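Subject: Structure handover

Hello,

Please find the structure below.

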Amino acid sequence: MSTQNPLEEKVIAAILPAAADLGYRLVRVRVAGLRRKRLQIMAERLSDGEMGIEDCEALSRAVSPILEAQDPIPGEYDLEVSSPGIDRPLVALADFTRFMGHEAKIELARPVNERRRFRGIIMQVEGEEIVLQLADSEIPARLAFSAISEARLVLTDALIAESLKAAKLRAQAAGRPDEEIDPILKEQDPK
């Protein structure tokens, strides 16, 4: 993971070892705000790509003393540790591979054929290129990963259904009751 912001790079360098030691992958680190800054850390478990409230608390407790000691952000700021969410940012080639078949919005740093914004189904990852089937074209777009300035999944019924099914499987594997999930799954897939 990398960023163009030197402040964010300092934060990543400071907290990456602690996050990895706890079994988390940093998805994105952002510093925002003018008067009162906000440090947003998105992470997920390396084991299954999930990030619950307990995980957010554990990571927050682990990185807070590091940030306090190294002080990479001048002045006061609010720390926010969160999950990437269902409509998560796509920041690595592995993210595009993991979510093939799902819809994504992609913005390029520079236009290609006078176009910077693309929305379509992730069809393939070929080397360093993302192949995206656009709704408005029969010819897939081939976008260089290095040209992407921002990308994220689009919240669709298919993405929600897949997420709910995965949550149910995790609950069953952990031996937890999944009564709360069953009605939503039936709504999504009445079979």
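What follows covers the sheet and then the helix packing.

This is a predicted model, in which local features need pLDDT of at least 70, side-chain atom pairs count only at pLDDT 80 or more, and totals for chains, interfaces and linings use all residues. Residues are numbered from 1 along each chain as its sequence is written, and side-chain values use heavy atoms, with hydrogens and water left out.

Three strands make up an open sheet of mixed pairing, ordered β1-β2-β3 (strands are DSSP E runs of at least two residues, helices H or I runs of at least four, numbered from the N terminus; two strands pair if DSSP finds at least two bridges between them). β1 (24-32) and β3 (77-82) are the edges, each with a single partner strand, so one side of each has no neighbour in the sheet. β1 pairs with β2 (residues 37-45) in the antiparallel sense over eight bridges. Tyr24 has Arg45 in β2 as its bridge partner.

Helix α1 (residues 6-21) lies across β1 and β2, at about 155° to β1 (axes are lines fitted to C-alpha atoms, for helices over the stretch in contact, and angles run from 0 to 180 degrees between N-to-C directions). Helix α2 (residues 53-70) packs on the sheet and touches β1, β2 and β3 (contact means heavy atoms within 4.5 Å).

The α1 and α2 axes come within 10 Å and cross at roughly 140°. On the α1 side the contact involves Val11, Ala14, Ile15, Ala18 and Ala19, and on the α2 side Leu59, Val63, Ile66, Leu67 and Gln70.

Regards
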